Amino acid sequence: MLFQVVHTTHYLYVDAAMEAYLEVRLTPPSRAEHQIIRHRIDFQPGARVSDYVDYFGNRTTFYSMTLRHHQLKVTNRLTIRTHPRTLPEEGLALTVAEARQILRTGGTAVFDYLQPTGSTPIGGDALVWAREILRESRPLRDGLEELNTRIHREFKYRSGSTEIETPLAHIWKAREGVCQDFAHVMLSVLRAARLPCRYVCGYIESEPAFPADSSRKRLVGSLATHAWVEVLVPGLLWVALDPTNNQWCGEQHVTIAVGRDFLDATPVRGTFKGSASQKMKVHVSMRRIPKKS
Amino acid sequence: MKSPWHFDTYDEVSAADGRPRAVYRALFERLQKMPRAQVRNLDEQLEATMREMGVTFDIHRDRPWGARAWFCDLLPQIFTPAEWAPLEAGVRQRLRAFEHFLRDIYGPKEILTDGVLPVRLVLGSEFFQRSAAGLPTPGDAFLHLSGLAICRLPDGALAVKHHYFSHASGMSYMIQNRRALTRVIPQSFHDTGIHSISEVPTGILEMLRAHSDESDPLVVLLTPGPLSPAYSEHSFLGRRMGVPLVQGGDLLVLNDAVYLKTVSGLSKVDVIYSRVSDRWLDPMVFRRDSVLGVPGLVHCIRKKSVSVVNAIGSQVSDDRALLPFSTQIIRYYLGEAPLLPTLTTYWLGEHDQREMVLADLQKFTIRGLYGERIYLGGDGHLPTQEDIDAVRCEILRDPARYVAQPQDCDAQTISFQDGERRRSRQDHILFALRKTGGDFEVFPGALTRVSTKDSGFTSSELGGGSKDTWVQVGLDKKSEDWDSASQLESKIPPHAVTSRVAEAYYWLGRYLERAYDLAGMVSVIESLELEELNPTERMNYRPVWNRILPVLEGTGSSSRRTISSPEGRYRLAFDAAEPGSVISTIHRAFTNAESVLETLSLDAWGVMSGLRARFDAVDFNPNAPAELLASTSREFCLLAREMIPRFFGTAKCTMLADDGWNFCEIGQLLERAAITANAVTSITSPLLQSSRLALQPHAVEIRLSAFLRLLNSRDIYRRVYQMRIEPHALLELLWTNPVAPRSVASCLEGCAALIRSGENVLSPATDKALSAIESLIRQIRASEWDALLATKKSGLSKSPLQRHSESLLESLLGLHTVICDSFLNHQVLMHQESKPSSGV
């Protein structure tokens with residue numbers, strides 16, 4: 001499928017800012033599942049920017065604005081063709097115990113994705129779910145699919161119900177949150193089960209491409225960036241699950257950044273000086289470009 | 001109650017027979033022969049010397065001037081050449097091994113894949129910085145300036161107690177101890193030949209400069225600021241190396257390079273000697289809440305435009321959980337046996353070690369993986385059962401955060417405190433510098449830390465003291481001639497005042513002037529209300545006052561305009577919750593002064609803190625009887641009127657007349673001009689009325705006289721004009737008069753003169769600021785007050801006088817932005833920097 005994405009992040013300051021620094025992770029990685037046709041990041045006010053690849057492999061763009069300004073706008077324009085993803089059936093057919101055993105030999109490359117983080121603690125409910133759903137003798141695929149479904153079923157999606165800082169324990173208790181919380185819940189269970197996994201930030205197509213097709217459900221997560229989870233399976237291959245929409249990720253998902261949790265994969269992160277506070281407005285539009293007939 | 005516990009420890013100064021060891025004999029006898037009073041005298045002299053040299057270690061933040069001078073003992077620690085040579089070799093070997101270790105774990109991680117160290121221990125360490133993987137390091141090395149703590153085992157062998165590889169703290173105290181001791185007991189130095197350590201700062205500076213390709217690189221020392229206990233060390237090193245001491249806010253990142261903001265513009269920084277822990281260094285990468293760091297710094301390192309020493313990520317080598325693995329690390333990378341043993345260290349995250357330690361907890365000192373905090377032991381006392389139980393609980397909650405080391409690892413020594421001989425415990429911190437070739441040079445000295453009368457701990461953070469540490473010159477070397485002159489400070493090259501310092505002074509000047517003017521107004525009103533006014537006069541006065549004085553914002557008062565009641569005026573003076581009150585303004589001035597404490601003279605600071613203390617001592621009670629409120633307001637406002645000018649006077653006599661101080665005066669003058677302009681603009685309509693309407697001359701006189709009194713200008717008016725108060729003359733006095741202290745034009749002339757007197761005459765920023773000020777002065781002078789007073793206003797629109805005054809006021813307030821942009825936050829210069837031609 002061919003998509004055109006426009007993602008804007010707009011900061012409006014209460015007072016003018018004297019200095020602003022941004023680090024944005026908005027460039028999709030090179031992957032077999034998609035092909036970047038065109039990509040550009042615009043910053044306003046304009047300044048020279050430079051790139052690097054971070055520890056988790058994300059292409060990161062650094063921007064600094066040291067002139068007085070009242071607002072700051074980042075626009076990510078992306079034209080991308082996505083392809084259907086194939087699941088590594090072989091690896092997924094192994095039991096949870098076998099998978100764990102094989103991945104343990106991954107050593108330092110796997111270590112980071114097994115550790116709990118501030119946003120993904122592994123005690124309490126996470127451990128209970130891990131024992132119940134990701135039982136050792138169970139095929140990995142079954143376990144992952146049930147976990148995905150359970151989160152989708154037992155947690156209610158409610159936009160605006162949580163903040164970035166809301167602790168995961170609160171999410172577990174309230175059983176509601178947004179895609180980022182769904183992803184963190186899933187990571188915490190997977191890590192409690194000692195299965196390596198990572199957080200993914202990306203875009204998802206929400207509007208049905210063809211309005212006539214009323215059978216297709218509108219997918220949750222549009223108008224802002226979306227989040228889901230990738231699990232490492234034997235063969236050192238990552239598979240992607242979207243607990244918010246209870247599905248394996250496919251052609252409608254576009255990956256932009258990965259990390260241990262949200263903090264590693266924040267799409268736009270800023271530090272400002274001079275203004276007491278600022279408002280941030282984010283808008284994402286993802287439009288499918290129909291095939292030429 | 002804790003009881004002292006006699007560990008079986010090594011005695012540093014006495015041999016088994018109780019007699020002093022040979023190396024200490026001469027020194028000891030000299031001190032022994034002295035009467036106690038003389039020893040006490042020497043000790044006091046030493047303390048006074050330390051204080052005079054400004055050596056402090058402030059573990060109590062409530063004492064801004066370091067009431068606690070650094071404690072240095074009269075009896076030095078001596079290392080013989082036979083002891084020192086293997087020690088030095090051992091330190092160098094260890095540093096070489098850990099340098100390999102850091103390169104490995106931030107690169108291929110072979111030591112982990114080979115299974116020599118548990119993966120979790122390294123990658124799970126709080127100070128393993130993922131962002132350091134692949135980051136360029138200065139001179140391709142992580143460690144350049146390192147420290148290491150050494151102790152003595154009961155059998156006399158020296159062993160490594162802690163690594164301070166990433167963060168060598170205490171070098172200045174090592175140097176200062178030597179300087180102080182040579183001043184107090186110079187004769188002792190003749191007894192023995194010792195290595196000089198006076199070249200240490202020069203060595204560090206050379207190392208730092210070598211990390212830039214520039215021929216004359218800008219090196220800065222980045223400090224967390226005056227709240228850091230080792231701030232005195234930071235300023236000492238900055239001074240001795242002649243490099244600017246900067247805080248995070250002094251630097252900014254532009255086009256992938258770091259710049260220092262100075263009043264004369266932005267200067268590109270080439271090398272940063274960082275005394276800020278990694279986790280605070282860059283809020284974009286590390287802790288988001290850091291205000292000590294520089295956003296974007298890591299990116300500049302990545303783009304190789306700046307070097308930071310030591311390299312980011314080094315801190316992981318100081319993790320105490322790695323100490324038990326030192327031998328493996330040395331063997332793995334160097335294929336050598338360790339020359340220097342490591343003090344037995346147990347990491348409590350490991351089950352068997354934890355069980356062993358918990359079974360006999362009183363024998364151990366329990367520490368965290370980083371920092372100086374000690375949870376149990378380490379103070380030469382037997383811990384109580386309650387302490388042991390509490391620590392056991394704490395350990396079991398998260399055992400991986402603790403290590404244990406045997407309590408008997410610190411040698412005993414003798415120290416002299418208050419003329420008394422005391423038994424103390426001690427350990428040593430050694431320092432080493434990486435040379436260009438890659439080998440390490442160990443400085444021939446150390447910071448020997450001793451327990452004192454006040455603290456059983458040796459660590460400075462925990463109140464310990466110190467000894468000067470002598471490394472004897474070997475027989476094969478000629479004794480170095482002792483040259484006390486080489487111990488004296490070299491001349492420090494002056495460098496530009498940083499914008500942060502200038503800005504703090506600018507605000508200090510503004511706030512103090514504001515507090516001064518406001519205090520003046522309140523006390524004038526109190527006097528008038530109390531003594532002089534009849535009800536008619538009051539009626540004429542009050543509208544004028546209300547226009548000029550700040551409004552009360554709090555809900556505590558019955559009205560926002562309660563300036564006519566004693567309670568309102570009392571609030572205006574003392575209500576700390578009112579942002580515009582005298583006390584709030586003094587607090588803000590104080591905060592600014594505090595942030596540049598190191599540049600403020602002691603005398604000036606004394607006046608400031610005295611004033612604040614007096615105001616803070618007032619027990620705020622707005623419900624007291626009106627009479628009491630009125631007299632308190634008046635008394636204290638008069639005090640502020642007396643102390644604030646005293647501050648300016650004292651500072652002028654006692655401070656460096658550099659750009660920093662210049663900006664305090666600029667702030668003062670600009671604030672005064674703003675207050676005058678604002679006041680005179682706010683009475684435009686009464687002025688117009690009195691000049692045109694047939695208002696009774698007496699009433700006019702009262703109003704204008706009240707107004708001038710508030711601005712402390714009535715006597716000046718009389719002196720200048722020697723006539724009744726007329727609107728025209730009043731406008732001229734306050735706007736244009738060249739000699740009246742409050743006149744806007746004369747304040748602006750003063751600002752311009754101060755800016756011209758600075759060293760930055762040629763900068764475009766100076767030109768811009770000067771031309772803005774001069775153009776405003778011309779506008780003010782060109783005002784035709786007579787004509788403006790005579791023009792009637794048409795309909796509902798503003799009168800021409802009102803419009804004119806407001807426009808002048810607006811330009812005046814705009815000068816603040818011009819000055820900030822030109823000198824303090826560099827908006828002017830950055831426009832130039834941003835031109836494509838300057839891009840690389």
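Tutor: A residue is called buried if 20 or more other C-beta atoms lie within 10 Å of its own, exposed if 12 or fewer, and partly exposed in between, with C-beta atoms placed from the backbone. Because this is a predicted model, local features need pLDDT of at least 70 and side-chain atom pairs count only at pLDDT 80 or more, while totals for chains, interfaces and linings use all residues. Residues are numbered from 1 along each chain as its sequence is written, and chains are lettered from A and ligands numbered from 1 in the order in which they are written.

Student: How many residues of α7(A) are buried?

Tutor: Helices (H or I, at least four residues) and strands (E, at least two) are DSSP runs, numbered from the N terminus. α7(A) has 14 residues and reaches 20 Å from its first C-alpha to its last, close to the 20 Å expected at 1.5 Å a residue, the expected span being 1.5 Å times one less than the number of residues. The helix is mostly covered, and the number of its residues that are buried is 14 of 14.

Student: At what angle do α4(A) and α7(A) pack?

Tutor: Axes are lines fitted to C-alpha atoms, for helices over the stretch in contact, and angles run from 0 to 180 degrees between N-to-C directions; contact requires C-beta atoms, placed from the backbone, within 7 Å. The axes of α4 (residues 125-133) and α7 (residues 179-192) of chain A are 8 Å apart, and the helices pack at an angle of about 65°.

Student: Which residues of α7(A) make the contact with α4(A)?

Tutor: From α4(A) the contact draws on A:A126, A:L127, A:W129 and A:A130. On the side of α7(A), the residues are A:S188, A:V189 and A:A192.

Student: Why is one side of β12 and of β14 in chain B left without a neighbour in the sheet?

Tutor: The open sheet of 4 strands has the order β12-β16-β13-β14 (chain B), with antiparallel pairing, where strands pair if DSSP finds at least two bridges between them. β12 (346-347) and β14 (374-376) of chain B stand at the edges, so each has a single partner strand.

Student: How many residues of chain B are in contact with chain A?

Tutor: The side of chain A that touches chain B includes at least two residues from each of several elements, among them β2 (19-27) and α3 (108-114) of chain A. In this contact, 20 residues of chain A meet residues of chain B numbering 25.

Notes. Two residues are in contact if their C-beta atoms, placed from the backbone, lie within 7 Å.
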